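Keep the viewer open as you read.

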Amino acid sequence: MSIRPHSTTETPLIVLEDACKYFPVRRGLTRRVVGHARAVDGVSLAVARGEALGVVGESGSGKTTLARLVPRLIQSTRGRVLYDGQDVETASGRDLIRIRRRMGIVFQDPSSSLNPRTPVRGSIARPLELQGIRGKEATRRVLETIELVNLGAEVLDRYPHQLSGGQQQRASIARAIILRPQLLILDEPTSALDVSVQAQILNLLQSLQAQIGLTYLFITHNLSVVRYMSDRIGVMYLGRLVEVAPVGPMQDRPLHPYTAALFSASPPLNPRLRNRQRYRLVGDPPSLISPPPGCSLHPRCVFAVEQCREEVPLLVDAGDGRQVACHRWMQLALAVQTG
Amino acid sequence: MNMAKLLQVSDLRVEFLTGRGTVRAVGGVAFQLDRGEVFALVGESGCGKSTTALAVMRLVPPPGRILGGSIRLRGDDLLTLDEDSMTQVRGRHIAMIFQNPMVSLNPVYRAGAQVQEAIVLDQVPKNEAWRRAVDLLGRVYIADPAHRALSYPHELSGGMRQRVMTGMMVSRQPDLLIADEPTTALDVTIQAQVLDLLLELRDRTGMALLIITHDLGIVAEIADRVGVMYAGSLVEQGPVFDIFEEPLHPYTRLLMRALPRLTKGQGSLHTIPGQVPSLIQLPPGCPFHPRCPDRMEICSTKMPGLTVPAGGREVACYLHGVGERQ
């Protein structure tokens, strides 16, 4: 598998520097702040133009929060978020609108992300309307875009509930790309769909990326999907990025024990591999409000040593375009069989 | 010695009467389970897999009704039992866990009390039942069970809740546990723990497992045999290795090829043209024929019956014989 060569001189499309998002946790009648849930806790990451970066992690790992920091749907607590070299956090209202125009977002549940009270034409054309594009020009662009997502013109006058799940998601994708953005943020875009419909949407997303040169930030908990869609994968655990690597090397030889646990727990779609070696985690994930000291995985990690309980491991360069945040990565030889 | 199969479902038919017409949710499904066996019913949304499971418990909600067929547990037809006898069967002989344990657990009772309640049904004194409940929670890998038994459902994680449910359901040592999408709401590492637990309970007690799922990964992971459903019909069944390695029905073949097993750049996924038909207006003949790449003339006129090619396999497709259903 070849990895797209990323020129070092070209600025990445997205840069996160130590990005943090802490949500206040309030209790009692006075809604006193009693702590913070560290949804994203010091993430540094760069996404190159034309790259498809998959972010995986389990519920509460912060992957969706991370995706929402990029268009500033939520304000970060600390750190920097740059889009095409521009600081998203400090951008003025007008600049922010210009930045957001160059991004599209597709959410998990298409039935709740399309307006149920208007025919889908309205939802798809809404971004054009906000940019002051109406009338014939708007119609032309809507028709051009629905053709890109393989929808027929007849669906435009239907309401979302009259479409199948797959058609609804195509309509959401059409809306997301109608302004021809550079970046598409995809938050679990196929999780609500059946396997046969999922295959159609994944194929569509791949051909769109090739056709109109999109950069993808793909959030999912489904490892088969992320492998199929991504050039590189970032793995999150409790708000931190624990490993980043190109897909092939990561799935064959994960460096972080959590990556190994995640990949080996994911059923490989091949019954002959049911007795494969599994890396098991101990117990349940801890609370985001009081994460364990040191490496946040240590209470569940069978490889943990004294150092893991005390020092937070930093995300370090592991060679071959890989990064890992584990004190012991050089001593562990992890291997996972995937279908 | 009773040689009857543990569970034998024959020609099960379920329909829902709605304002828009009659929904034929399950149209003549037949399968069987042996003691200790793990059978997975797999299919996409609306294929009738969950309705089939509810029918086995005789819990199809109105306006649904079981039209016909038989469901034999060790030879006794559950469809002929009166409601009191059926209540004895539920929980005691057949137990069921669902996708969302938060809905199945009572939010105002402590976890331990809910397990205890199930055990008390077998005339066990309350304090003995509590002791057993705590013991069971430990056996479904709830850490510190004596303490956790006092927790309310909202204080437990999703994985713990599903383990509590499982503990409650196996407390009376049923012969059959039906698990309807038991891990769909759970993360993959927690899912692995729950699947391990189900298999371990099977090994320890010899109960059979009927798993209802849309996830072929779960099927590959734990099923001994698989039944594939499409639009209310069981189109194919057989041992798990055969189904994955040599699917016979065109739908199963296409479904297997739609799975994202590739990495980026290795080509595009196969898709199934068209859409699942409406269960109100099923096409005549084989329900898959409008989407089938191998359809023949007969496929649009008569529903194929299950034929038996070999090796414990059954397939409802004219490509594999001329079985025909009346």
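What follows goes through the domains and then the contact between the chains.

This is a predicted model, where local features need pLDDT of at least 70, side-chain atom pairs count only at pLDDT 80 or more, and totals for chains, interfaces and linings use all residues. Residues are numbered from 1 along each chain as its sequence is written, chains are lettered from A and ligands numbered from 1 in the order in which they are written, and side-chain values use heavy atoms, with hydrogens and water left out.

Start with chain A, which is split into domain 1 (109–180) and domain 2 (254–339); such bounds come from an automatic or database domain assignment. The C-alpha centres of these two domains of chain A are 42 Å apart.

Chain B also has two domains: domain 1 (1–93 + 174–260 + 272–287) and domain 2 (105–166). Here the C-alpha centres sit 28 Å apart. Eleven residues of domain 1 of chain B are in contact with nine residues of domain 2 of chain B, contact meaning heavy atoms within 4.5 Å. Between them these domains of chain B bury about 810 Å², 63% of it on carbon and sulfur atoms. Buried area is the accessible area (1.4 Å probe) that two parts lose on being put together, summed over both. On the domain 1 side, helix H8 (residues 188–205) of chain B gives the most, with eight residues; helices are DSSP runs (H or I, at least four residues), numbered from the N terminus.

Now for the meeting of the two chains. How many residues of chain A are in contact with chain B? The count is 46 residues of chain A, against 42 residues of chain B. About 3600 Å² is buried between chain A and chain B, and carbon and sulfur atoms give 52% of that. Tyr228(A), Leu269(A) and Arg274(A) supply 20% of the area that chain A buries against chain B, more than any other three residues.

Six salt bridges cross the interface of chain A and chain B, each being a side-chain nitrogen of Lys or Arg within 4 Å of a carboxyl oxygen of Asp or Glu. If you want one to look up, the side chains of Glu221(B) and Arg276(A) form a salt bridge at 2.8 Å, N to O. As for helices, H7 (195–212), H8 (223–229), H9 (247–252) and H10 (257–265) of chain A each supply at least two residues of the side that touches chain B, and H7(A) gives the most, with ten residues.
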